[in-house]
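I kept this notebook while looking up one structure.

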2 protein chains.
Amino acid sequence: MSTRRATITDVAREAGVSPSTASVVFSGKTPVSDSTRQRVLDAAQALGYTGPDPRAASLRRGRSGIVGVVFEEHLGRAFQDPVKILMMDGLTESVASMGAGLLLLQDQAEEGGGPSLTTAPVDAAVLVGCSGILRESLAAVRARGIPVVVIEGDAGEGVPRVGLDNREAQRQAASHIRGLGHTRVALVTLPVRSAWPGGWLESVDDITVDVTRDRLRGARDVFPDAPAYAAAGSLIDEGLAAGRLIFADPGMRPTAVIAQSDLLAAGVIRAAEEAGLQVPQDVSVTGFDGIVVDGLAPYELTTIVQPTVEKGRAAGQAVVAMLRGEVAASIDFTCEFRAGNTTAPPAE
Amino acid sequence: MSTRRATITDVAREAGVSPSTASVVFSGKTPVSDSTRQRVLDAAQALGYTGPDPRAASLRRGRSGIVGVVFEEHLGRAFQDPVKILMMDGLTESVASMGAGLLLLQDQAEEGGGPSLTTAPVDAAVLVGCSGILRESLAAVRARGIPVVVIEGDAGEGVPRVGLDNREAQRQAASHIRGLGHTRVALVTLPVRSAWPGGWLESVDDITVDVTRDRLRGARDVFPDAPAYAAAGSLIDEGLAAGRLIFADPGMRPTAVIAQSDLLAAGVIRAAEEAGLQVPQDVSVTGFDGIVVDGLAPYELTTIVQPTVEKGRAAGQAVVAMLRGEVAASIDFTCEFRAGNTTAPPAE
DNA sequence: TTGTACGCGTTATCAA
DNA sequence: TTGATAACGCGTACAA
């Protein structure tokens with residue numbers, strides 16, 4: 001028994017053909033006579049050869065069929081966010097059409113951790129958000145000519161972005177609230193930076209997360225003085241915690257709460273129920289995302305519907321285009337306001 | 001301007017050293033004098049060389065630093081399951097310690113889709129469940145000497161498994177229910193096969209999903225005649241739907257419901273509330289998994305706590321061991337019963 | 001339809 | 001501390 005793995009050369013020799021012929025049998029790029037094919041296949045079988053080595057093939061082709069997806073946060077956290085999941089869904093789909101798969105990467109200091117953008121054999125990369133640390137590796141990757149696309153973030157010059165009209169959309173929801181007659185409004189925002197513990201927001205300048213800042217601005221365009229509680233994450237329980245604080249003082253109660261995500265809104269609704277408030281009679285609540293919140297029935301959130309899946313799909317298509325050598329432009333998606341049964345005029 | 005990308009050979013020539021020396025500067029495997037290192041680095045800078053090509057490196061090293069994770073279901077579905085997410089968490093962690101990352105793969109027919117186990121440059125593979133289609137590619141991969149581990153499934157001879165004592169654990173929960181005095185019990189199970197639309201379960205023989213079958217058997221060990229509704233997925237809304245059916249006929253109402261997942265249990269609780277039933281006074285509910293169900297407060301589910309993260313971690317460690325050439329044994333984890341406030345003796 | 005020849009970019013080994 | 005050499009395993013012009 002040889003200790004070495006059989007290669008296509010071995011198979012070719014065994015079958016009595018040239019390596020290139022054997023190669024073609026497996027790739028199917030060129031017609032091969034049935035008899036030759038069979039000989040090659042038999043030889044492969046005999047030698048226990050199970051097809052070309054993907055590593056060698058990818059070196060030769062210059063393509064690995066792998067697209068890296070870089071998250072700023074711990075992967076476990078990222079996957080708790082339905083919006084990111086849906087986005088991944090669209091991304092998976094459009095990237096699969098190219099025959100590629102997704103490699104999970106985390107934007108992190110090395111610390112002996114997993115593969116980085118620079119060491120992984122990726123054909124392209126999709127950044128989900130784009131905070132500080134990444135910048136260096138980003139330069140290296142781009143220098144290598146690897147296409148990069150950013151979703152909801154800014155990676156600087158020449159990196160196509162897939163974005164959202166967060167500010168306008170949130171302004172629209174706020175206008176809806178004002179149109180109903182509300183004046184005492186509280187805001188519940190997404191985290192202002194990674195590892196944010198949650199708390200009342202003092203200054204907009206503290207915010208390093210684009211999405212949070214943009215949506216906050218949209219709300220403040222309409223309600224400049226509305227107090228804002230920044231949650232530690234987009235979770236129902238975080239919204240619940242925020243809601244408890246907001247509804248704690250009966251004298252100060254707002255008549256409407258604008259949340260930056262549907263999950264936060266769901267938590268706020270639950271807090272309102274806890275406090276003996278009826279939604280929407282006593283307090284109106286709006287969300288953001290337009291996802292299906294498992295278990296929220298019978299409420300139908302008044303919210304902003306964003307095209308989550310499409311965002312991922314667009315990023316994938318941009319990547320595919322760039323791999324073809326085309327130039328991909330940034331693309332901005334538009335949200336759509338959807339009235340549900342969680343908003344109403346304030347009680348007199 | 002040359003249209004070609006600079007290689008390490010170019011850098012070496014520019015720096016006046018041999019390619020191997022230049023290589024060592026980047027890999028750090030061998031000490032290099034400071035002056036030489038600097039010359040190489042300068043040359044790299046001048047040529048716009050940003051480090052070794054991962055594809056070539058992986059061919060040479062025989063390692064890509066990529067571990068494939070294969071799901072039986074659509075990836076979007078898999079990511080909706082908190083148990084899988086947590087498992088991925090543990091897997092990511094242990095695999096990162098080796099400097100590897102995860103490539104998302106789907107157990108599917110080719111259909112021009114993403115990369116398969118056979119075409120992706122993976123060093124190892126982790127199967128999450130193991131149904132039919134995979135088998136063929138599995139053989140090819142194993143023939144190539146790539147380590148494979150299965151979580152909650154059976155991939156046949158010689159493939160180490162990471163499992164759970166599903167049947168015993170579920171039996172324990174059922175015994176708890178019986179110990180409280182319940183006799184009219186309904187079961188809500190996980191899907192019995194992929195693309196299962198949900199419905200009452202006729203025969204245990206219909207079940208192709210190991211987890212579902214094992215847990216069902218555990219419950220039936222105690223309540224042999226309990227009717228079982230098999231949900232379409234592990235979702236709160238699915239539990240809600242099941243609960244509505246179960247509580248529909250006031251005359252037939254069970255006093256306890258044993259659900260195969262916490263999410264299903266959460267839905268059942270909501271259905272009970274809808275039907276005007278108090279939990280646990282009017283109906284007891286048990287779950288399975290021991291995850292934190294976002295928004296379920298103030299309930300604390302009586303449930304079976306399974307070591308989700310550890311399962312993933314163990315799979316990763318098995319993979320790491322196998323890559324070192326060691327033999328990894330199957331490992332079975334044990335669940336732990338946890339009493340919450342959703343079970344109580346039946347009302348008289 | 002098949003074979004020849006070569007390069008993809010790196011790194012391990014060993015000798016200097 | 002540095003350099004020469006030889007793979008790693010494959011795909012693809014191009015010629016036959």
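The entries below go from the DNA strands to the chains and their sheets.

**Entry 1: the model**

I noted before anything else that this is a predicted model.

**Entry 2: DNA strand D**

I looked up which residues come closest to DNA strand D. The largest share, 6 residues, comes from α2(A). By class I found 12 nonpolar, 11 polar and 6 charged residues near DNA strand D.

**Entry 3: DNA strand C**

I repeated the search for DNA strand C, which has 29 residues around it. The nearest are A:Ser18, A:Ser20, A:Thr36, B:Thr7 and B:Ile8. The elements that give two or more residues here are α2 and α4 of chain A, with α1 (8–15), α2 and α4 of chain B. The surface near DNA strand C has 12 nonpolar, 11 polar and 6 charged residues.

**Entry 4: B:Ser20**

B:Ser20 lies in helix α2 of chain B, which covers residues 19–27. Is B:Ser20 buried or exposed? B:Ser20 has 11 other C-beta atoms within 10 Å, and a residue with 12 or fewer counts as exposed, so B:Ser20 is exposed. I also checked a distance: the C-alpha atoms of B:Ser20 and B:Trp200 are separated by 67 Å, and the two residues are 180 apart along the chain.

**Entry 5: helix α1 of chain B**

I looked up the buried residues of α1(B) and found B:Ile8, B:Val11, B:Ala12 and B:Ala15. They are on the same side of α1(B), because they cover an arc of only 100° around the axis. These buried residues pack against α2 and α3 (34–47) of chain B. Just after α1(B), I noted that B:Gly16 takes a positive phi of about 75°.

**Entry 6: the core**

I asked which residues touch the most other members of the largest nonpolar core. They are A:Val67 and B:Val67, in a core of 193 residues. Leaving out residues up to four places away in sequence, the residues that B:Val67 touches include B:Val95, B:Leu102, B:Val122, B:Ala124 and B:Val319.

**Entry 7: where the chains meet**

I found 48 residues of chain B in contact with 47 residues of chain A. Among the elements that give two or more residues to the chain B side are α4, α6 (82–96), β2 (101–106) and α11 (262–274). The chain B side divides into 22 nonpolar, 19 polar and 7 charged residues. I then looked at the strands: β2 of chain A is joined to β2(B) by 3 bridges, and the two run antiparallel. In this pair, A:Leu103 stands opposite B:Leu103.

**Entry 8: a sheet in chain B**

I traced an open sheet of 5 strands in chain B, with the order β7-β8-β6-β9-β10 and mixed pairing. Which strands stand at the edges? They are β7 (199–200) and β10 (284–286); each has a single partner strand, so one side of each is left without a neighbour in the sheet. Strand β9 (residues 256–259) is joined to β10(B) by 3 bridges, and these strands run parallel. B:Val257 stands opposite B:Val285 in β10(B).

How values were computed. Residues are numbered from 1 along each chain as its sequence is written. Chains are lettered from A and ligands numbered from 1 in the order in which they are written. This is a predicted model: local features need pLDDT of at least 70, side-chain atom pairs count only at pLDDT 80 or more; totals for chains, interfaces and linings use all residues. Helices (H or I, at least four residues) and strands (E, at least two) are DSSP runs, numbered from the N terminus. A residue is buried if 20 or more other C-beta atoms lie within 10 Å of its own, exposed if 12 or fewer, and partly exposed in between; C-beta atoms are placed from the backbone. A residue is near a molecule or strand if its C-beta atom, placed from the backbone, lies within 6 Å of it. Ala, Val, Leu, Ile, Met, Phe, Trp, Tyr, Cys and Pro count as nonpolar, Asp, Glu, Lys and Arg as charged, and the others, Gly among them, as polar. The arc is that of the directions from the helix axis to the C-beta atoms. Two residues are in contact if their C-beta atoms, placed from the backbone, lie within 7 Å. A nonpolar core is a set of buried Ala, Val, Leu, Ile, Met, Phe, Trp, Tyr and Cys residues joined through C-beta atoms within 7 Å. Two strands pair if DSSP finds at least two bridges between them.
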